[in-house]
Amino acid sequence: MSFNLDEFVASPSVEELDSLKKSEIVKVAKQYGTEFQTLMWKDEIKRYVLEYLVDESILPSTVLDTAITVPTDNTFELKRLEMEMNKEITLKEMERERERKEREKEEREMQKEKEEREMQMQREEREERERREEKAREHEFRLKQLELGVIKGSDPKIGLDTGVFDVAKHVKFVPKFQEDNVEKFFNHFEKLGEQLKWPRDKWSILIQSNFTGKAQEVYSALSIEDSMDYDKVKKAILQAYELVPEAYRQKFRKYRKADT
């Protein structure tokens, strides 16, 4: 049943007033000329209407016993401040949520970039390792070809047996390579080479057969031409183990700095 303002004014009652919506109570308050604010709560406006009806002796004063107490101006101000605070809190929470999502997005992007860099590094390391292995295999293959040619004593131009130096018979005399005493190894090898009258141009082929560790890596990294030159092989390996004069000078300077 729709609200009829004229009927309520003609016969007001607490029961009907309780059943009204806020918009309908506002109409009643305006009809009676009651001072109120539209921002007030529904029960607060209803209280003003009841007080008017009691003052006009339209309703008994007992109806005010069950009505809410009309808040003071300070109460309205507190409510307004509370609403503003709630609004500000909501805005701050929304801002924190937005910042949190941005941080999570940045972290995901950084993690993705890190994983991509790691994958790239792994890919480059794998490719570099494969290149080194391929180069080592090629180098070893070329050396085997050279060794076979020397062992058989064949002339690569005419394919005839010339009866030259047999590497296979002498390689067993090459001393064992020791990484902790590289200079001693080279000295021992050179003495044997002189004593057994090994052709110097075959020394690099003989000595490489016993290389291990870093020496083997250095030898494999040399070009075919350099790997056939004993002096270049020796120099490269001594440099790798920091046993050349320049390395000694650097160590000496380092120790002097440490002492001062």
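Select W203 to begin. W203 has 2% relative accessibility, so it counts as buried (under 20% relative accessible area; exposed is over 50%, partly exposed in between, with a 1.4 Å probe and protein chains only). This is a predicted model, where local features need pLDDT of at least 70, side-chain atom pairs count only at pLDDT 80 or more, and totals for chains, interfaces and linings use all residues. Residues are numbered from 1 along each chain as its sequence is written, and side-chain values use heavy atoms, with hydrogens and water left out.

**Aromatic rings**

A pair of aromatic rings is described by the distance of the centres and the angle of the planes. Rings of Phe, Tyr and Trp (its six-membered ring) pair if their centres lie within 6.5 Å; planes under 30 degrees apart count as stacked, over 60 as edge-to-face and the rest as tilted. By this rule there are 13 aromatic pairs.

Show F186 and Y230. Their ring centres are 6.3 Å apart and their planes stand at 65°, so this pair is edge-to-face. F186 sits in helix α7 and Y230 in helix α11 (residues 230-240), so the pair ties together parts 44 residues apart in sequence. Helices are DSSP runs (H or I, at least four residues), numbered from the N terminus. Are F186 and Y230 buried or exposed? Both are buried.

F189 is in helix α7 and W203 in helix α8, 14 residues apart, and the pair links distant parts of the chain. F189 counts as buried because its relative accessibility is 0%.

Together they form one aromatic cluster.

**A charged patch**

Next, select E106, E107, E109, E113, E115, E116 and E118. They gather in a patch of negative charge on the surface (residues with over 30% relative accessible area and no salt bridge, like charges joined within 9 Å; a salt bridge is a side-chain nitrogen of Lys or Arg within 4 Å of a carboxyl oxygen of Asp or Glu). Zoom in on E118, in helix α5. At 38% relative accessibility, E118 counts as partly exposed.

**Two loop stops**

Go to S57, in the loop between α4 (42-55) and α5 (73-152). S57 is not a glycine, yet its phi is positive, about 60°. With 63% relative accessibility, S57 counts as exposed.

Finish at K197. Where is K197? Look in the loop between α7 (182-195) and α8 (203-208). K197 has a positive phi of about 55°, although it is not a glycine. K197 counts as exposed, at 69% relative accessibility.

How values were computed: Patch = residues over 30% accessible without salt bridge, like charges linked within 9 Å, V, L, I, M, F, W, Y side chains within 5 Å. Areas by Shrake-Rupley, 256 points an atom, 1.4 Å probe, with all protein chains shown as cover. Lys, Arg positive; Asp, Glu negative; His and termini not counted. Charge placed at Lys NZ, Arg CZ, Asp CG, Glu CD.
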